[in-house]
Amino acid sequence: MAEQKEEEYVHKIYNEIASHFSETRYKPWPIVTDFLEHRPMGSVGIDVGCGNGKYLGINPNIFIIGSDHSSGLIECAHDIDNAYNVLVADGMKLPHRENTFDFAISIAVVHHWSTRERRVQAINHILSKIKSGGEALIYCWALEQRSSRRGYQEGMEQDVLVPWVLHETKKEKHSSSDKPKKLKLASAPDLTNIPLKERAAFIANWRKEEEQKRLALIKEEAKEKEETAKKNTKYRYYHLYKEGELEEDCVSAGGKVKGSGYEKDNWYVVVQKQ
Amino acid sequence: MKFLTTNFLKCSVGACDNSNDNFPLRYEGSKCQIVQDETVEFNPQFLLNILDRVDWNAIVTVARELGNQSLPVTKPQFTHQNGDANTASNLTEDELAVLQDLHVLLLQTSIAEGQMSCRNCNHIYHIKNGIPNLLLPPHLA
């Protein structure tokens, strides 16, 4: 079921990767910044799926409430700046009254809902909270990102699980490199009781055995590394939007598309509530 | 969680939207730890514009629950005697003083720890470390 998929591949994961994820999310995107800076003084808005809150302090002359389903990410936001107005909430059950806000933003969030119906519903829910005539800025990850590290592009599957590789915590690093794994190999065989004429053969055999031990050790280490990597790789569900799709979803959600474009591997739409 | 945020929070339970009691939430004064942050700067124009957007009855209700009985029942008006609508430059000293008090309440006052509940379904939401959690348990979601 859609909700279970989102629970397992979105909600759970973000709490697991929260602090590492937050470390990588500090640079505000220019078009989002521009949108926020152009809100009139004293505007009241919401940031749905605000993560670590990187957009909450852009414009000090607006009142913006950030929410996220991940309590881990909201704690990161609060730690970054305790003046941020943040709360933990479900984007599909926002605890705000309808027709209340001047604007909304939702940056790289809607793509986490796992069916088209739910994504449209989520946009509709965001629009329900803003006043008639108010605008929402919505970003979703693009399918067309050929030049990015991930290399997604036209023609590929749009519903994907995207790996997030956690870096080892200091503690883990310490314990794995600290283990006396590289068992000291003897530098020479013990020849004490070996008759002189058998020594050459004995040494050859010893060398062979030592080499086998060494190879086994390398193999074991590689396997261990692979297991750690597996354990530290978390998969998040995304729907990769193809060109024009986000506009369609915004219209299906009852909004009017005022502008759209592409930034940082994402499609974005400025959608107005009718 | 700033006091002003209480003006934008309702119960998350969808069914409560059909009642008139899902906003504002009911704050348990005795269980709420209130803190003041005097570093939040006073910006009269910002606050005037914010006041245009708040539900005054809800502010009065929540303030009372948290032990502040001093607010007038009707929203203070700052504009009628000054021709220009809502510009901070026209404010009298008295009006500025009223605004300053509201600044202290709405923006400098926060609930650090505490709880609030829905007046309709009585579900309790918690505030921990300044962060309210409005997620619902599975049986209500």
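This is a predicted model: local features need pLDDT of at least 70, side-chain atom pairs count only at pLDDT 80 or more; totals for chains, interfaces and linings use all residues.

Trainee: You mentioned helix 3 of chain B. What does it reach from its first C-alpha to its last?

Mentor: Start from the expected value: at 1.5 Å a residue, 22 Å is expected for the 16 residues of helix 3 of chain B. The value in the model is close to that, at 21 Å.

Trainee: Which elements do the buried residues of helix 3 of chain B pack against?

Mentor: First find the buried residues of this helix, which include Glu95(B), Leu99(B), Leu102(B) and His103(B). Leu105(B), Leu106(B), Leu107(B) and Gln108(B) are also among them. Their packing partners come from both chains: strand 2 of chain A, and from chain B strand 2 (33-36), helix 1 (44-51), helix 2 (56-65) and strand 3 (109-117).

Trainee: In what order do the elements of chain B run from the N terminus on?

Mentor: Chain B holds 3 helices and 5 strands. Its C-alpha trace spans about 55 × 30 × 25 Å along the principal axes. From the N terminus on, the order is β-β-α-α-α-β-β-β.

Trainee: Let's turn to the cavity. Which element gives the largest share of the lining of the largest cavity?

Mentor: The structure holds 1 cavity of 30 Å³ or more, and the largest cavity has a volume of about 30 Å³. Ile65(A), Asn85(A), Val86(A), Leu87(A), Met1(B), Thr5(B), Gly130(B) and Pro132(B) line it, and they divide into 5 nonpolar, 3 polar and no charged. The largest share, 3 residues, comes from strand 3 (residues 85-88) of chain A.

Trainee: Now for chain A. Which residues of strand 9 of chain A point the other way from Asn266(A), Tyr268(A), Val270(A) and Gln272(A)?

Mentor: In a regular strand, side chains alternate between the two faces of the sheet. Strand 9 (residues 266-273) of chain A has 8 of its 8 residues buried, so both sets of side chains are buried here. The set pointing the other way is Trp267(A), Val269(A), Val271(A) and Lys273(A).

Trainee: How many bridges join strand 8 of chain A to strand 9 of chain A?

Mentor: Strand 8 (residues 255-263) and strand 9 of chain A run antiparallel. Across this pair, Tyr262(A) stands opposite Trp267(A), and Val257(A) stands opposite Val271(A). In their hairpin, with 2 residues between the strands, Lys264(A) takes a positive phi near 50 degrees. The number of bridges joining the two strands is 8.

Trainee: Which residue stands opposite Tyr268(A) in strand 9 of chain A?

Mentor: Look to strand 5 (residues 130-141) of chain A, which runs antiparallel to strand 9 of chain A and is joined to it by 7 bridges. The residue opposite Tyr268(A) is Tyr139(A).

Trainee: Why does Leu137(A) count as buried?

Mentor: Leu137(A) is found in strand 5 of chain A. Beyond its neighbours within four places in sequence, Leu137(A) is in contact with residues including Phe35(A), Ile105(A) and Val269(A). The cut-off for buried is under 20% relative accessible area. Leu137(A) counts as buried because its relative accessibility is 1%.

Trainee: And how many residues of helix 4 of chain A are buried?

Mentor: Helix 4 (residues 116-129) of chain A has 14 residues and reaches 20 Å from its first C-alpha to its last. Its buried residues include Arg118(A), Val120(A) and Ile123(A). The helix is mostly covered, and the number of buried residues is 10.

Methods: Residues are numbered from 1 along each chain as its sequence is written. Chains are lettered from A and ligands numbered from 1 in the order in which they are written. Side-chain values use heavy atoms; hydrogens and water are left out. Helices (H or I, at least four residues) and strands (E, at least two) are DSSP runs, numbered from the N terminus. The expected span of a helix is 1.5 Å times one less than its number of residues. Buried means under 20% relative accessible area, exposed over 50%, partly exposed in between (1.4 Å probe, protein chains only). Contact means heavy atoms within 4.5 Å. Two strands pair if DSSP finds at least two bridges between them. On a 1 Å grid over the protein atoms alone, a cavity is a set of points where a 1.4 Å probe fits but cannot get out, and a pocket is an open set with protein on both sides within 12 Å along at least five of seven lines; lining residues have an atom within 4 Å of a point. Grid points are joined across faces, edges and corners, and a volume is the space filled by probe spheres set on the points. Ala, Val, Leu, Ile, Met, Phe, Trp, Tyr, Cys and Pro count as nonpolar, Asp, Glu, Lys and Arg as charged, and the others, Gly among them, as polar.
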